[in-house]
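Please look through the following notes with the model open beside you, and check each point against it as you read.

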Amino acid sequence: MSLAVTGAVHAGDRVGLRAEEGVIVEMGPDVQPRPEDERLDAAGAILVPPLLNGHTHAAMTLFRGYGDDLPLMRWLEEKVWPIERKLEPEDVYWGTRLACLEMVRSGTVRFWDMYWHPEAAARAVLDAGLRATVAAPLIDVDGRTEAMRDAALRSLDELDGAAERVDAGLAPHAIYTVTESSLRWIAELSAERNLPVQIHLSETEQEVADCLAARAERPAHYLDRVGLLTPRTVLAHGVWLDQDELELIAARGAVIVTNPVANLKLAVGRVFPYLRARAAGIQIGLGTDGPGSNNSLDVFAEMKVFALLQKHEARDSAAVKAAEAWELATGRCAPLLGAAHSLEPGQRADFLLLRAGAPELSFGELPAALVYSASGAVVQSTVVAGRVLMRDGEVEGAEEVLARALERARRLGLAPPTASAQGNSSALA
Ligand SMILES: [Zn+2]
């Protein structure tokens with residue numbers, strides 16, 4: 001399979017690009033299509049690397065708008081968990097397909113997912129053409145330790161050799177939902193099989209207070225003691241980490257993924273100490289968290305909020321510059337997250353074409369336009385592994401994905417029977 005892109009603009013120059021078997025083989029002003037190539041005429045569109053979502057629960061597209069405006073624990077206990085007990089693999093499949101559709105449309109090509117029935121999520125990712133690391137949330141403070149461990153091993157078997165574009169991982173939900181012995185078990189399994197681990201850490205002040213009360217140590221120290229702070233670990237949130245913990249995380253080589261919009265919406269009361277984390281040398285990524293708690297999967301929106309929030313917190317408009325926010329959003333500040341290194345021959349053929357005529361991108365420096373004025377709507381075409389997933393705004397099969405996801409949401413009682421796939425029918429006063 002080969003693809004030729006013509007008439008793109010990269011770093012101010014007109015370029016062409018050819019990809020074979022998912023890898024960029026040529027890029028530059030003189031690249032010409034070959035007869036066997038699929039063609040993609042960029043017509044002056046801007047060629048940029050794609051975005052990466054470092055933490056989400058993709059299938060929770062089905063929960064979007066359900067129980068908004070509640071505090072985290074009430075939202076989970078009263079709204080989310082009772083419905084999740086009824087989830088079937090097909091719910092997760094179509095919820096994840098809907099998330100993938102949104103990601104393709106807004107330029108995200110790889111994501112880190114923590115959700116039930118990860119084998120169904122993996123199938124959705126493969127069918128949608130994207131890349132992901134998927135893992136089931138592991139929870140056993142309810143006393144179901146054996147069942148949890150069996151399910152974790154079974155899901156790893158099912159995901160084994162899924163495909164090149166999907167990696168399996170382990171996802172202990174949080175230190176307050178997994179027992180110490182299971183955290184140690186997960187650490188050993190991760191080391192034995194070289195599996196990445198994703199876990200929510202220090203999202204709320206309560207989590208820190210509870211950890212201190214129970215163990216007289218802070219969350220990152222506890223995680224380190226059970227063997228889970230390693231170069232394979234991705235920590236979501238990290239809002240309430242202190243300086244000591246940041247230095248420990250840097251020393252262990254773990255990644256932190258910050259999710260500013262979800263933190264603001266759930267009113268966690270503090271801003272992720274990004275500048276201190278960066279100064280400590282921690283690898284950092286950007287995530288949306290789940291569409292049930294954000295509610296957007298548009299990483300463009302996330303990078304803007306990230307940059308603004310950090311500037312505001314630092315009382316310094318130069319604290320995080322646009323180019324840095326963009327770099328973070330591509331995932332390239334944290335190699336473990338698995339983004340392609342750059343757009344050049346030998347690298348994966350994953351890239352975006354941004355609308356040449358988009359008013360948001362008309363003038364000024366590109367990074368500032370991307371971070372401060374653009375949204376995911378500027379993405380015109382999305383390519384993953386040399387395959388065109390969106391061509392000039394059209395994603396094949398989008399109507400079916402919307403309709404089937406709506407059926408699943410209705411089945412779970414998450415969408416009213418009158419809702420249509422064409423649009424949300426509820427009225428605003
Ligand atoms: Zn999360």
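**Notes on the structure**

1. Strand S16 is joined to strand S17 (residues 379-384) by four bridges, and the two run antiparallel; here strands (E, at least two residues) and helices (H or I, at least four residues) are DSSP runs numbered from the N terminus, and two strands pair if DSSP finds at least two bridges between them. Within this pairing, Leu354 has Val379 of S17 opposite to it. Strand S5 (residues 46-48) also runs antiparallel to S16, through three bridges, and there Leu47 is the residue opposite Leu353.

2. Before going further, please keep in mind that this is a predicted model, in which local features need pLDDT of at least 70 and side-chain atom pairs count only at pLDDT 80 or more, while totals for chains, interfaces and linings use all residues. Residues are numbered from 1 along each chain as its sequence is written, and side-chain values use heavy atoms, with hydrogens and water left out.

3. Strand S16 (residues 351-354) is covered on both faces, with Phe351 and Leu353 buried on one side and Leu352 and Leu354 buried on the other; buried means under 20% relative accessible area, exposed means over 50%, and partly exposed lies in between (1.4 Å probe, protein chains only). Leu354 is also among the residues with the most contacts inside the largest nonpolar core, which has 114 residues; such a core is a set of buried Ala, Val, Leu, Ile, Met, Phe, Trp, Tyr and Cys residues joined through side-chain atoms within 4.5 Å. Helix H2 gives the most to this core, with nine residues. A second, separate core of 17 residues includes Phe351, together with Leu3, Leu17 and Ala42.

4. Which protein residues are the donors of the zinc ion? They are His55 (NE2), His57 (NE2), His200 (NE2) and Asp289 (OD), at 2.1 to 2.3 Å from the ion, where donors are N, O and S atoms within 2.8 Å of the metal (3.2 Å for Na, K and Ca), and sites may look incomplete because water is not among the atoms. His55 belongs to strand S6 (residues 51-56) and His200 to strand S12 (residues 197-201), so this pair ties together parts that are 145 residues apart in sequence. Both of these histidines, His55 and His200, are buried.

5. Asp289, another of the zinc donors, sits in the loop between strand S15 (283-286) and helix H11. Its phi is near 65°, which is positive in a residue other than glycine, and Asp289 is buried, with a relative accessible area of 4%. In the loop between S15 and H11 there is also Asn295, which is joined to Asn294 by a cis peptide bond with omega of about 10°. For background, most residues other than glycine have a negative phi, and most peptide bonds are trans.

6. Strand S6 also belongs to an open sheet of four strands, in the order S6-S7-S8-S10 with parallel pairing. S6 and strand S10 (166-168) stand at the edges with a single partner strand each, so one side of each is left without a neighbour in the sheet. Strand S7 (residues 108-114) and strand S8 (residues 131-135) pair in the parallel sense over five bridges, and Arg110 has Arg131 in S8 as its bridge partner.
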